[in-house]
There are 2 protein chains.
Amino acid sequence: MARSSVVVPTPTLERLSTYLRYLLELERAGVETIRSAEIEEPTGISAAQFRKDLSYFGEFGKPGSGYYVSELRARIATILKLDRDQLVLLVGAGNLGAALAAFPGWAQYHLHIAAVFDNNIAKIGRRLWDWEILDIERLAEVNEKLGAEIGIIAVPAEAAQSVADRLVAAGVRGLLNFAPAGIRPAPGVAVRNVSLVQEMAVLTYHLGERSCNRLPDEEPAEDETEAE
Amino acid sequence: MARSSVVVPTPTLERLSTYLRYLLELERAGVETIRSAEIEEPTGISAAQFRKDLSYFGEFGKPGSGYYVSELRARIATILKLDRDQLVLLVGAGNLGAALAAFPGWAQYHLHIAAVFDNNIAKIGRRLWDWEILDIERLAEVNEKLGAEIGIIAVPAEAAQSVADRLVAAGVRGLLNFAPAGIRPAPGVAVRNVSLVQEMAVLTYHLGERSCNRLPDEEPAEDETEAE
DNA sequence: TAGATTGTTAATCGATTAACAATC
DNA sequence: TAGATTGTTAATCGATTAACAATC
């Protein structure tokens, strides 16, 4: 009964893709149904959270028996618009761009790198895997044909904002930014930043902490062999 | 007066690296002091949030005048343990591993890829940039010398958990996982997952939404040329 | 000192968890 | 029907924002 009009929290959207991945796995394994309690162990997300997340979008299960794996997978894919082909423009044909272009995981989710751009004259016209590296200047022109709505920014920090602006000008409405630089988001354009250093910083911060399960002055618990 | 003993929220840690990056930029530009209000525009983080974040770690500024850029930068780096050299083990010498190894941004934050491992016999013994690709079987042995505490997982999904286990067994306490697979975290080991598909899913979900700043039936605002 | 900006406390907001009535 | 599990509401928890006394 919830449906749309209430805005969906971003953490919910993030978890939706975790559910989707797990459901694809189950489907491949031939599992037909699951109960919400069964997603806890493999995904690390609580059953209550799972049901709450789904409740933003409608009803998906049968009280008493659970969810049909294929049906749920299909419906989550639809919610995330990953049930239809999505074209992606990749800007930056360096090492990271090359890795992203070659990433074998896209196709399963209907994501397709439609074109690769760079501003380096030494690279333009050469090939990156199966793509011809196109002049960044041709971005808008090329996307007039393609109509891609998603762009990946895999360029040095200095170039990130200008690339973002060009992508938006070319009609892109979602940006995935790998450059270590903040992107001023144009209104109505979604931005996701992936910051390698940020991820590392959270890890290094936690270094040297003692394992939280056993306090330094505590004796080992007796029931050590129990659970897991 | 807050200091430690209160647990620091992860969003705060994530923002800390944003502050650090911006402060490094200011430092390079020769800026000596900033006020909290000045970080809003470039970082997109509110001044109140900035001060609140810092308050978890002590006092950093001078009421009335603001913060010394160099001092604040140094202290944030220390908090994140990015003021000292941090060795990192990279597992997976594929395209993504190659890009991560070559990433020019690590050094500035004292992060160093110390060794590269793979399980592919065709790759072992060959070079990846300046590194020799080592047999994954040698992980523990090699890290006995190195003592690295951070590991990057850049392998296919099927191998992710086993690589994680090996890294932990070799003494690693922080994992940065790029494999599209959930890692069951060992107790006391921090895990950060970077999921390309998840990032994309959040973007594709938002496709087709109308720009939130202007409702469909509203006229353009009069003061259009103002601000920015 | 007067003006400005911090560090911190209190108020608000939002997300997660727990509990349970609805229902298969 | 009885048992089980959903979808949803209410309670809890945590993070963000606002406001202001402390202080340079």
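Reader: Which residue has a polar backbone atom 3.1 Å from a base oxygen of DNA strand D?

Author: This is a predicted model, in which local features need pLDDT of at least 70, side-chain atom pairs count only at pLDDT 80 or more, and totals for chains, interfaces and linings use all residues; side-chain values use heavy atoms, with hydrogens and water left out. Residues are numbered from 1 along each chain as its sequence is written, while chains are lettered from A and ligands numbered from 1 in the order in which they are written. A polar contact is a pair of N or O atoms within 3.5 Å; within protein, one must be able to donate a hydrogen and the other to accept it, and residues adjacent in sequence count only if both atoms are side-chain atoms. The base oxygen of DNA strand D lies 3.1 Å from a polar backbone atom of B:Pro63.

Reader: Which element gives the most residues to the surface near DNA strand D?

Author: A sugar or linking oxygen of DNA strand D is 2.9 Å from a polar backbone atom of A:Gly64. The elements that give two or more residues to this surface are H3 of chain A, together with helix H1 (10-28) and H3 of chain B. Helices (H or I, at least four residues) and strands (E, at least two) are DSSP runs, numbered from the N terminus. The element that gives the most, with four residues, is H3(B).

Reader: How many residues surround DNA strand C?

Author: A residue is near a strand if one of its heavy atoms lies within 4 Å of it. The closest to DNA strand C are A:Lys62, B:Arg35, B:Ser36, B:Phe60 and B:Gly61. The number of residues around DNA strand C is 26.

Reader: What share of the atoms of DNA strand C within 4 Å of the protein belongs to sugar or phosphate?

Author: A phosphate oxygen of DNA strand C is 2.9 Å from an N or O atom in the side chain of B:Arg35. A sugar or linking oxygen is 2.8 Å from a polar backbone atom of B:Gly64. Bases hold the rest of the atoms within 4 Å, and the share of sugar or phosphate is 70%.

Reader: How many charged residues does the surface near DNA strand C have?

Author: Ala, Val, Leu, Ile, Met, Phe, Trp, Tyr, Cys and Pro count as nonpolar, Asp, Glu, Lys and Arg as charged, and the others, Gly among them, as polar. By these classes the surface near DNA strand C has eight nonpolar and nine polar residues. Its count of charged residues is nine.

Reader: What area do chain A and chain B bury between them?

Author: Contact means heavy atoms within 4.5 Å, and it takes 61 residues from chain A and 61 residues from chain B. Buried area is the accessible area (1.4 Å probe) that two parts lose on being put together, summed over both. Of the area buried between the chains, 70% is on carbon and sulfur atoms, and the total is about 5,500 Å².

Reader: Which residue of chain A forms a salt bridge with B:Arg192?

Author: A salt bridge is a side-chain nitrogen of Lys or Arg within 4 Å of a carboxyl oxygen of Asp or Glu. Across the interface of chain A and chain B there are four salt bridges. In one of these, at 2.7 Å from N to O, the side chain of B:Arg192 meets that of A:Glu199.

Reader: Which element gives the most to the side of chain A that touches chain B?

Author: The two chains have 12 residue pairs in polar contact, both residues at pLDDT 80 or more. Elements of chain A that each supply at least two residues of the touching side include H1, helix H5 (95-102), strand E9 (190-193) and helix H8 (196-206). The element that gives the most, with 11 residues, is H8(A).

Reader: What kind of axis relates the two copies?

Author: Chain A can be laid on chain B with an RMSD of 0.0 Å by a turn of 180° and a shift of 0.0 Å along the axis. Copies are superposed by least squares on the C-alpha atoms of residues with pLDDT of at least 70 in both. The two copies are therefore related as by a two-fold rotation axis.
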